[in-house]
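Subject: Structure handover and notes

Hi there,

Here is the structure I promised to pass on to you.

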Amino acid sequence: MTSVSALDSTQLDRAVADLRAGAEQWTATPIAERISLLERMLPRIAARAAGMVADAAVAKDFDSDSPWAAEDWIGAPWALAQGVSAQLHVLRRIAAGKPPVDPGAVHERDGRAVVDVFPATGWDKLLQNGTTAQVWTKPGTTARQVLDRAAGEYRGRAGRPAVALVLGAGNVAAITPLDILHKLYAEGQTVIAKMNPVNDYLRPHFEYVFGEFVDQGWVRFADGGADVGGHLAAHDHVDAIHVTGSERTHDAIVWGTDERAAERRRTDTPLNGKPFSSELGGVTPCIVAPGDWSAADFRYQAEHIVTSKMNNSGHNCVASQILILPRDWDGSDRLLDEIRRVLRELPPRADYYPGAGNRLDAVLTAHPQAEVLGEGPCRILVPDLTGEDDMLLTDEVFGSALGVVRLPGATADAFLREAVNFANDRLPGTLGATLIIHPKTERAHRAAVDSAVAGLRYGTVGVNAWCAIGFLLGYTPWGAYPGHTRQDIGSGIGFVHNAYLLEDIEKTVLRSPFAPAPRGLFAGSPSLAPRPPYFVTNRTALTTVERLTRFTAAPSAAKLPGLFASALRG
């Protein structure tokens, strides 16, 4: 039985028993077979890719050939194929007798090790030219420690048979299968995955993709609500839990929901003390440094910022919610005008996630001066937040509302100090932050920019790259900045994805070109990269990302001309 009824605890218990029986076999499965399983998974992803997107389109109330469907190609089959490909790259290195991480990619800097993790292959360099990623380890970590500790599961550190519960997310389709892969391959655990009711229509696709794992008794799926999740979390034979969702979900499982929950938290006496990892979102900042921008720069970065808000209707844990602008920069108003223009030009779409309408109504009630832009459901811009306890500064909206904070700073150095302190100290959450800065400004203020990147207490910091891209690359660990505890869970504990299986992680730092080719050459960020296909304004995104997905699942030089032809027209 691969799926279970929301009300049938007998079937739930049977599923857990199957996984318990298969746990020792999975732990003992040699690396060669683990590689073969992933290789055989890629064509299964390709076979179900169009079906995943079509079902998502129905659920989100647009046509499968709508431009909006491109985001579901990115956030479902492509992200999953990319994650599998990243894991394969590393496991093949280990199987060939190589270290998981090339020693030349590990550097020591400012009292810590820094690891170049992307691009990892020649295809990465070609297809995502100009995008790079580094993993920063915790201060005091040496390069030798990084190399010795990476991928310990496959290099002499015996795994312990165990069963993990993955509580699936309802927004981005790839979250649940990627979390399953992490538990299987990074932690050596068999997995029961409870689908979120918002997107449980994807379960048949995931059962097919993980078909061999299901047949072997290594993966099971369950549908249902909080009652099913609660039963599985408390199950005697479930050893570990991972959840992508809200702080409320974590606290309900760990501390309970009765009148004694607060006392349990205060005394650190949890109802459920199992190992618990989580990714829980927050209020995500996008910081824009002042600089000498062209008209094309303002338009392009407006598209970038709107993408970081409107992708998936803002139903993302790292959707930009607070835009931090320099009060003393004349470009701030020009950028906001371009953002308004982009929001008005976008085609309408529904805010499909449960409760979004109520949350957006609350934003409008709290901000009578808010601007509602575009057709259809609300696209809200609040152009000047000033209140200390403004709801946009304290609560994740998880919808299409963007607030603007203007901070002082006559120079880039002074502004960046103010912006970093504001993001760290005023905004809840530590999952991701984005910094947009012109290359000429960065060169002129190198020390201040380096200090800002180092100072931002976020698990992923994107420099001219929406921080959400770190979720997609497979090689880049995804999770909150370290330091949260179960009593103060914040954006969560632990990292997933992380194909290199690195330890001692502090953050990932992403970088992308400030401007697309060929204009990037004149802006000081040369690359071959056109407008990214994940931009909500990309005219050929649907075709490009479908072709990219097919390529990632089965790379072939013969597929490149069609892929490039579409990408360059975006």
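To start with, in which loop is the place of aspartate 268? It is in the loop between helix H11 (261-267) and strand S8 (276-279), where helices (H or I, at least four residues) and strands (E, at least two) are DSSP runs numbered from the N terminus.

Before going on, please keep in mind that this is a predicted model, in which local features need pLDDT of at least 70 and side-chain atom pairs count only at pLDDT 80 or more, while totals for chains, interfaces and linings use all residues. Residues are numbered from 1 along each chain as its sequence is written, and side-chain values use heavy atoms, with hydrogens and water left out.

**Backbone points**

Aspartate 268 has a positive phi near 55°, although this residue is not a glycine. With a relative accessibility of 30%, aspartate 268 counts as partly exposed; here buried means under 20% relative accessible area, exposed over 50%, and partly exposed in between (1.4 Å probe, protein chains only). Aspartate 61 is another non-glycine residue with a positive phi, of about 70°. Aspartate 61 lies in the loop between helix H2 (31-60) and H3, and is exposed, with a relative accessible area of 61%.

There are also cis peptide bonds to check. One runs from phenylalanine 118 to proline 119, with omega near 0°, and proline 119 is in the loop between strand S2 (112-118) and helix H4 (122-127). The bond from alanine 517 to proline 518 is cis as well, with omega near 0°. Proline 518 has its place in the loop between strand S18 (505-511) and helix H20 (520-523).

**Helix H6 and the glycine after it**

Helix H6 covers residues 175-186, and its twelve residues should span 16 Å at 1.5 Å a residue, which agrees with the 16 Å between its end C-alpha atoms. The expected span of a helix is 1.5 Å times one less than its number of residues. Twelve of the twelve residues of H6 are buried; among them are Asp179, His182 and Lys183.

H6 is followed by glycine 188, whose phi is positive, near 70°. Glycine 188 is in the loop between H6 and strand S5 (190-194) and is buried, with a relative accessible area of 2%. Apart from neighbours within four places in sequence, glycine 188 is in contact with Trp26, Thr27, Glu153, Arg160 and Lys183, contact meaning heavy atoms within 4.5 Å.

**What packs on helix H3**

How does H3 sit against H6? The axes of H3 and H6 come within 10 Å and cross at roughly 20°, the axes being lines fitted to C-alpha atoms, for helices over the stretch in contact, with angles from 0 to 180 degrees between N-to-C directions. H3 and H6 are therefore roughly parallel to each other; angles under 35 degrees count as roughly parallel, over 145 as roughly antiparallel, 65 to 115 as roughly perpendicular and the rest as oblique. The crossing of H3 and H6 is right-handed, that is, the near helix is turned clockwise from the far one by less than a right angle, anticlockwise being left-handed. On the H3 side the contact includes Leu80, Val84 and Leu91, and on the H6 side Leu178, Leu181 and Tyr185. The residues of this contact divide into eight nonpolar, two polar and no charged, with Ala, Val, Leu, Ile, Met, Phe, Trp, Tyr, Cys and Pro taken as nonpolar, Asp, Glu, Lys and Arg as charged, and the others, Gly among them, as polar.

Helix H3 (residues 70-95) also meets helix H21 (residues 541-553), their axes coming within 9 Å and crossing at roughly 20°. The crossing of H3 and H21 is left-handed. Residues in the contact include Trp73, Trp78 and Gln82 of H3 and Leu542, Glu546 and Arg550 of H21. The contact of H3 with H21 has eleven nonpolar, four polar and two charged residues.

**A buried tryptophan**

Tryptophan 136 is found in strand S3 (residues 132-137) and, at 9% relative accessibility, counts as buried. Leaving aside neighbours within four places in sequence, tryptophan 136 has contacts that include Arg109, Arg112, Val453, Ile505 and Lys507.

Best wishes, and enjoy exploring!
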